[in-house]
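Hello,

Here is the structure I promised to hand over. Have a look at it first, and then read on for what was found in it.

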Amino acid sequence: MDQGTTKKKKLISIVGDAFADIYCYLDNETPHVVVGGDARLSQPMTTRAGGSGLNTSTHLCSLINHFGINDDTDIEVNFQTVINENDEYGKLITSHAKCHGFNLLNRRVSDYPSCFFGTDEESTLASGGKSSGHCAVIIAQGERSFMTHIGCLGDYRGSHILDESINETYDLQHVHVSGYFNIPGFWDGELGSKLEEIKQRNKEITISLVPQHDATETWDGGLLEALTNIDFLILSEVEAKGITKYHDSAAIRKKTFFEYAATYFHDKSPNTHVIITLGSDGCVHLKNRAIDKVATVKKEPIDPTGAGDAFAAGFVYGFLDYMSQNKDNCGITSHALKTSMLWGCASGCCCVGIDGASRPPEKKIIEQVLADVQTVNEAESVKPPSGER
């Protein structure tokens, strides 16, 4: 390093959605909402900061603060999203980011001014400005459903991310995209072209993506075309079946879902590692038409919201920590992937035991659950899942 040259700080950049989550816990005696009917809640409604991108940023920042990456805690996590910083939802999201130690970059730009017109909440909304995204989270019988208003998040565009100031100031290590299907401005090449630009600039930067559920049920948005620049696609089994159109395919008569998905994703993007989360059954890794499974520990869920985001945070943390300690390794090795999935399973398992998606667990809890997950995978030979569950 030349004299006078300042070493750049390492950066992990999360790109994605942020919402104010309004939690509604249905009473066990009336666990369903019927159109035109009524349902009882078991506790008062509460509003918390959430969204896939915010949840992932929160859990990842917590892991770095607890454990460091190769014992280095001087690593910044920034979160790029779009909010109306002057409404109550935006203030809640901003406050959460400050509290949990990550830098929130509001990518609201002048080309898309609809989310902010005035100087305060009243003038903003009165002049037609859009609110920050928010959603009702319905919790019932260990599962959750969402009703979402994307608000000014709909003005977010793929071209808005990672400006020159980031490249000049930081040593960018990893980009994680959260909530792809929640941000229409990322679809149909908008984000894909930006990811291609990042890869062309520095091939050592790794990129992961979590699509989230597609409320339109079309499961398209140009995601498959973007995969060529994505190292890790992390998604649930439901999301994987939607994207692969598994239920519409004649292949279901010949192959299990995981066999079908392994071939499908290999044909679309052979260099992308696909990680499918299976809840209490762990996760599977698909690459080169092969299937590998990592098990997890069973835990009675208190709140399943955000478990996939916590898994993604653990996976990214485990991968970056492993690669930092094994710098002589070339490429993404099986050991790196195994470590990443173990951390992902542990982080996701911890999350379901906490009320709220963006409330990270204590260090000692993560350490214990990680040890339990490692023991489960060392004690038994984990067979690939049948795919018919």
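**Cavities, a pocket and helix pairs**

By class, five nonpolar, four polar and two charged residues make up the lining of the second largest cavity. Here Ala, Val, Leu, Ile, Met, Phe, Trp, Tyr, Cys and Pro count as nonpolar, Asp, Glu, Lys and Arg as charged, and the others, Gly among them, as polar. A cavity is a set of points, on a 1 Å grid over the protein atoms alone, where a 1.4 Å probe fits but cannot get out; a pocket is an open set with protein on both sides within 12 Å along at least five of seven lines; and lining residues have an atom within 4 Å of a point.

Before going further, please keep in mind that this is a predicted model, in which local features need pLDDT of at least 70, side-chain atom pairs count only at pLDDT 80 or more, and totals for chains, interfaces and linings use all residues. Residues are numbered from 1 along each chain as its sequence is written, and side-chain values use heavy atoms, with hydrogens and water left out.

Back to the second largest cavity: it holds about 50 Å³ of space. A volume is the space filled by probe spheres set on the grid points, which are joined across faces, edges and corners. The lining consists of A262, F265, H266, S269, P270, T272, V274, L286, K287, N288 and R289. At least two of the lining residues come from α8 (257-268), and at least two from β12 (283-287). The largest share, three residues, belongs to α8. These labels are DSSP runs numbered from the N terminus, with helices being H or I of at least four residues and strands being E of at least two.

How many cavities of 30 Å³ or more does a search of the whole structure find? The search finds two. The largest cavity has about 70 Å³ of space, and its lining is formed by L162, N167, L172, K194, E197, I198, R201 and I205. Helix α5 (residues 190-201) gives the largest share of that lining, with four residues. Sorted by class, the lining of the largest cavity has four nonpolar residues, one polar and three charged.

β1 (9-16), β8 (170-178) and α9 (307-325) supply at least two lining residues each, and α9 gives the most, with four. The lining of this pocket divides into nine nonpolar, seven polar and four charged residues.

Now for the helix pairs. Two packed helices are described by the angle between their axes and the distance between the axes.

Take α9 again: its axis and that of helix α1 (residues 52-67) come within 8 Å and cross at roughly 40°. Axes are lines fitted to C-alpha atoms, for helices over the stretch in contact, and angles run from 0 to 180 degrees between N-to-C directions. That angle makes α1 oblique to α9. Angles under 35 degrees count as roughly parallel, over 145 as roughly antiparallel, 65 to 115 as roughly perpendicular and the rest as oblique. In the contact (heavy atoms within 4.5 Å), S52, N55, T56, H59, L60, L63, I64 and F67 in α1 meet D309, A310, A313, G314, V316 and Y317 in α9. Those contact residues divide into eight nonpolar, five polar and one charged.

Helix α1 also pairs with helix α2 (residues 88-100), where the axes come within 10 Å and cross at roughly 15°. α1 and α2 are therefore roughly parallel to each other. L54, T58, C61 and N65 in α1 meet I93, H96 and H100 in α2, and this contact has three nonpolar residues, four polar and no charged.

Finally, α8 meets helix α7 (residues 237-244): the two axes come within 11 Å and cross at roughly 55°, so α7 and α8 are oblique to each other. Here E237, A240, K241, I243 and T244 in α7 meet F257, F258, Y260, Y264 and F265 in α8. By class, the contact of α7 with α8 has seven nonpolar residues, one polar and two charged.

Enjoy exploring it!
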